Each structure stands twice: as C-alpha cells, then as structure tokens.
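Have a go at each task before you read its solution.

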Amino acid sequence: MPAAQVFRDALDNLNRLWRGMAAPFFEDDKLELDPTLPPEDAQRLRELMRQCLDARGGEVSALGRAARLGRLYLGLDATGRRRYLEILAHDFAADRKMLCQSASALCEAADDAAYLRAEERLRSALESPRLRLLGKFNALPQGVKFLIDLRAELLEWVGEDARLQSLDRELRQLLATWFDIGFLALRRITWESPAALLEKLIAYEAVHEIHSWEDLRNRLESDRRCYAFFHPAMPDEPLIFIEVALVTGMSASIQELLDPQAPVADPREADTAIFYSISNAQQGLRGISFGHFLIKQVVDDLRHDLPNLKNFATLSPIPGFGGWLGKQLAQAAEAPQILRLRTALEQAAKALGTPAELAAVLGAVGWWEDEPLAQSLRDPLEALCLQYFHERRADGFPLDPVERFHLGNGARIERLNWLGDISPKGMRQSCGLMVNYLYALAEIEKNHEAFAAEKRIVVSRRLRTQIEALAGDKTSPLRRLWKGRG
C-alpha cells in the first residue's frame with residue numbers, strides 16, 4: 001500500500017472516531033462546509049474556532065468543538081485545507097500590539113520585580129491563540145497523529161508565506177515538546193509483528209523500496225534486524241525505523257545485501273552490522289530529529305545481543321551527487337575531472353548507442369557488465385564524488401544530507417563502493433555509487449565534536465590517501481577543498 005493511501009486511511013479513521021465526540025456540542029450536527037471553504041464558510045469557521053478557544057461549557061465542550069473542527073478540516077479538499085490553515089495563520093496569531101506593549105514594559109522595568117512581571121506577561125502574549133487551539137487536539141483520541149498529518153500538508157504550502165511559516169514553526173515546536181526522546185520507546189519489528197504495522201513498513205520505506213511481502217520477509221530474517229521508535233500517543237505508528245544486516249565484512253553492494261536468493265547466515269557469526277536504510281515514517285515530524293538517538297540505541301541493543309559484532313557501518317546512498325554532477329557538467333567546462341568524464345561519456349555513448357549525456361549513458365541497461373567501459377567511467381566519477389563530499393553549503397556544512405547526518409552523529413567516511421546500487425534510482429541519484437560510513441565506537445564523540453565545532457569532514461586513511469593524491473594535482477578542486485584536511 002503506498003504511503004499516500006496509508007495517510008488517507010488514517011484521516012478517514014479519525015473522521016469516524018471523532019464523529020460521536022463532536023455531535024453533542026452543535027445544534028446542527030449536519031453542519032458541513034463547502035470543500036473549497038469559500039468566504040462565507042470561512043467566516044463560520046472563524047466563529048467556531050473562537051468558540052473553541054472561549055471554552056464555554058467547560059473543557060469537555062471545548063474538546064467536542066475541537067473534534068468538530070478536526071472533522072471539518074478532514075472534509076475539505078486541498079484548496080479548502082490550505083484556506084483553513086491560512087485562517088489559523090493570519091487570524092489567530094499572537095496579538096502584535098500586546099507583544100509590543102509587553103516588550104516595552106520588559107525593557108523599561110525599573111527593578112527585578114517589575115522585570116519578572118513584564119517577562120511573564122510577554123511569555124503569555126507569545127502564546128498565540130492558534131497554538132492553544134492546536135494544543136487541544138492532544139487530548140483527543142489520535143489527536144497527536146492528526147496534528148502530525150496536518151503539518152505534513154502544511155509543509156506543502158508554506159512557500160514564501162511568512163504567516164504560514166510562522167504557523168509551521170509554532171507547530172513544529174509544539175510537536176518537538178511532545179516528541180522529546182525521553183518519551184520514545186525502541187522496539188524491534190519482526191515477521192511476527194502485526195500485519196498492519198508490517199504494511200506500514202512497506203509504505204514508509206524511503207531508501208530501498210520493498211517490492212513485496214516476500215521482500216519484506218527477507219529483510220526480517222534471522223540475520224536481519226529492524227528497529228523503530230514509537231510514541232505512547234501513537235503505539236501502532238513507527239516514527240522512524242532502521243534496517244540492519246548482520247554480515248561478515250563490510251558490505252559494498254545493496255543488490256547483494258538484499259538478494260532474496262542469498263542464504264540466511266548465522267547472526268552469531270557476524271562481525272559487522274550494516275545499517276542500510278533509515279526511513280522517517282512521519283513527514284509531519286520533519287525537522288525533529290530522532291535518527292542519531294536511534295542509531296545509538298540500536299548499537300547498544302545489538303552489542304548486548306550479539307557480542308561478536310565489532311564493526312558498525314552504513315551502506316548509504318549519495319542522494320545529492322547526481323544533481324550536483326549534472327550542474328558541474330553544465331558549468332565547469334574546463335575542469336580536468338569534468339573533461340575526463342565527458343571523454344568517457346562520449347566513448348561509452350558510441351559503444352552503447354546512446355546520446356553522450358550522463359543520464360542516457362547511466363540509464364542504459366547493463367552497461368556496467370562491459371568492464372573496460374565501466375572502468376573508464378569509474379575513475380572520473382569517483383574523483384568527482386570525493387570532490388562532492390567536500391563541497392559546502394553556505395553555512396559551511398557538506399552539501400549531501402546523508403553525509404551531514406552521519407558525520408554529525410560521529411561517523412567517518414570509510415569507503416566508496418563502485419556500482420553499489422545499479423537500480424534506476426541508484427543511477428539517477430548517486431551514479432551507482434554508495435558509501436560506507438563507519439561508526440568506530442572509540443572515535444564517535446571525537447568525530448562528532450570535530451564536525452559540530454569545526455565542520456571537519458573525517459575520512460578513513462584509505463580515502464585520505466586517495467584525496468591527497470588528487471589534491472596533489474594543481475588543477476584539482478580538491479586542493480582548495482582539502483586545505484587543512486577540513
């Protein structure tokens with residue numbers, strides 16, 4: 001089942017669940033809004049929101065009104081939902097005049113007592129009506145899940161609207177408070193787990209698509225592990241999950257790792273745990289990071305169960321490399337590595353009968369089986385990938401999101417893997433390359449500090465030698481990028 005269908009089913013379930021809660025608090029239980037939320041219906045919605053905030057009739061009534069507001073949102077189409085969120089963002093923000101007055105009082109306070117009173121008033125003024133309104137959903141059955149899915153839709157529409165951006169920040173802060181790591185529980189998922197949960201794994205897998213139930217079963221065999229974080233308010237919904245292979249040596253190919261015909265190994269004989277997929281299951285929790293805690297807890301669990309494990313590494317895609325390289329091919333006309341790659345592409349195109357373009361050559365079926373042709377592409381692609389790992393964003397951190405994640409967790413870049421992923425997605429994203437990030441347990445804290453404080457990109461001795469050799473070429477961009485081994 002696709003993730004979009006899981007999302008729609010969850011919203012339908014909420015609609016049914018809240019129907020009975022909302023009914024007693026409205027004279028007209030059949031009140032419905034036009035799905036597009038035209039102006040006259042928008043005004044009725046504003047009044048319902050005000051009534052919910054007023055809490056007339058007590059908290060139970062307020063919860064009933066919150067359930068009604070939730071059901072009305074679920075009954076709207078995409079246009080109506082965006083207008084609903086715009087009403088929240090524009091009409092129920094913090095009072096600007098009150099904020100200015102409170103800030104002025106804080107600045108003008110004559111003594112500590114006056115300062116503390118002004119500080120409290122400012123704190124109260126900063127709590128917007130929309131935040132109080134959204135907070136009421138926490139007390140509804142599956143209300144937290146509703147807010148997560150609502151934010152997932154909000155993220156599609158934030159764009160350049162400053163008010164919607166402000167609403168998103170408030171909602172993200174609210175969810176971050178509720179989803180503190182102390183509230184989360186790590187659970188192992190097995191083939192014996194409920195079918196509904198396994199179905200969600202198939203839907204939410206974002207790195208390497210799960211093609212069938214048999215494929216999923218292969219990933220849950222005895223030489224595999226799958227762990228997920230869960231929240232008490234959503235006990236059947238994984239927040240983020242990680243898939244692990246227990247192997248001997250460091251895996252270099254996702255095809256071999258996921259081969260359904262490969263024999264099942266004895267996990268007690270494995271010396272390496274390979275993290276080959278980490279998927280965020282809830283788009284509405286974007287920007288709230290659990291991944292680094294997940295990896296640490298999984299490592300602890302694996303070391304406890306399988307003391308023979310000595311190495312903990314990933315087999316990761318390089319999702320930004322293909323796009324970056326396309327721009328380099330378009331712009332860096334005289335760069336030596338780009339010229340080498342163009343020459344290799346022209347030769348490959350002649351042999352394959354395709355246009356001399358990166359996408360056309362890499363999209364040709366089976367080109368990697370021609371060893372001389374593959375080797376001619378390998379050297380320039382690997383060199384450019386090493387350059388890509390050292391390219392920076394405006395804030396000084398690496399361009400690649402997976403690289404930022406793992407280096408930020410204290411891993412190091414251990415090894416490039418040529419033809420590690422020959423799937424169409426792997427070719428498109430990473431030109432077939434994959435990378436191992438190694439979590440050397442004795443170095444994790446040191447590597448994390450070096451990356452966080454100095455933005456240092458830590459690589460293995462093998463890769464350092466390769467990079468230094470390339471940087472020795474005066475024409476190589478790595479001379480600049482590798483300065484200070486940063």
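**Exercise 1.** Find the ring that the charged end of Lys455 sits over.

*Solution.* Start with the rule: NZ of Lys or CZ of Arg must be within 6 Å of the ring centre and within 35 degrees of the ring normal. The charged end of Lys455 sits over the ring of Phe397, 4.9 Å from its centre. Arg187 has its charged end over the ring of Phe230, at 3.7 Å from the centre.

Before going on: this is a predicted model, where local features need pLDDT of at least 70 and side-chain atom pairs pLDDT 80 or more, while totals for chains, interfaces and linings use all residues. Numbering runs from 1 along each chain as its sequence is written, and side-chain values use heavy atoms, leaving out hydrogens and water.

**Exercise 2.** Work out how many aromatic pairs there are, then look at Trp324 and Tyr388.

*Solution.* Rings of Phe, Tyr and Trp (its six-membered ring) pair if their centres lie within 6.5 Å; planes under 30 degrees apart are stacked, over 60 edge-to-face, the rest tilted. That gives 11 aromatic pairs. Trp324 and Tyr388 have ring centres 5.4 Å apart and planes at 50°, so they're tilted. Both Trp324 and Tyr388 are buried (under 20% relative accessible area with a 1.4 Å probe, protein chains only).

**Exercise 3.** Which ring does Phe397 pair with?

*Solution.* Phe397 pairs with Phe451, tilted, at 5.1 Å centre to centre and 50° between the planes. Next, check burial: Phe397 and Phe451 are both buried.

Conventions
Buried means under 20% relative accessible area, exposed over 50%, partly exposed in between (1.4 Å probe, protein chains only).
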